[in-house]
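Let's look at how charged side chains pair up in a protein. Take a moment to explore the model below, and then we will walk through some of its salt bridges together.

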Amino acid sequence: MAVTVVVVDDDAGFRRVVTMLLTTRGLSVVAQAVDGASGIEAVRRHAPDAVLLDLNLPDQDGLTVARALRLTDRPPTVVLTSTDPSPWPAEELTEAAIRSFVAKDRLFDADFDALFSS
């Protein structure tokens with residue numbers, strides 16, 4: 001069974017491209033969201049295995065969203081992404097239960113099986 005993913009990013013073009021990328025790599029994108037609030041709601045509704053989460057969202061930052069996702073019934077694996085190469089210290093990412101950080105320009109080379117496996 002394919003790993004299910006919710007993509008949370010305010011850039012429609014990025015969501016479209018990364019959804020195609022994830023799908024061609026054998027993952028199943030079950031929902032897309034444009035901001036933190038709709039991302040949290042999508043996770044509650046779809047209970048995905050993983051979330052690809054943009055750091056810079058219009059309503060809140062990715063760390064805040066990741067902390068909220070920890071409180072859902074079935075917390076997903078969270079991979080944070082951004083155009084910024086190194087957004088926060090590793091201990092803050094760990095505290096927010098973020099599995100890893102991948103810069104957006106490195107996603108095409110990423111091993112999604114390793115990133116999203118539990």
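## Salt bridges in this model

This predicted model holds 5 salt bridges. Side chains of opposite charge can pair when their charged atoms come close.

| Salt bridge | Distance, N to O |
|---|---|
| Glu41 and Arg45 | 3.3 Å |
| Asp49 and Arg74 | 2.7 Å |
| Asp54 and Lys104 | 3.6 Å |

Let's start within a helix. Glu41 and Arg45 sit 4 residues apart in helix α2, which spans residues 36–46, so about one helical turn separates them. How accessible are these two partners? Glu41 is partly exposed, with a relative accessible area of 36%, while Arg45 counts as exposed at 60%.

Now to a pair that reaches across the chain. The side chains of Asp49 and Arg74 form a salt bridge. The two residues are 25 residues apart and link distant parts of the chain: Asp49 belongs to the loop between α2 and β3, and Arg74 to the loop between α3 and β4. Asp49 is partly exposed at 28% relative accessible area, and Arg74 is partly exposed at 44%.

The last pair in the table joins Asp54 and Lys104.

Notes:
Residues numbered from 1 in each chain as written. Predicted model: local features only at pLDDT ≥ 70, side-chain atom pairs only at ≥ 80, totals over all residues. Heavy atoms only, no water. Salt bridge = Lys/Arg side-chain N within 4 Å of Asp/Glu carboxyl O. Buried < 20%, exposed > 50% of the residue type's maximum accessible area, 1.4 Å probe, protein only.
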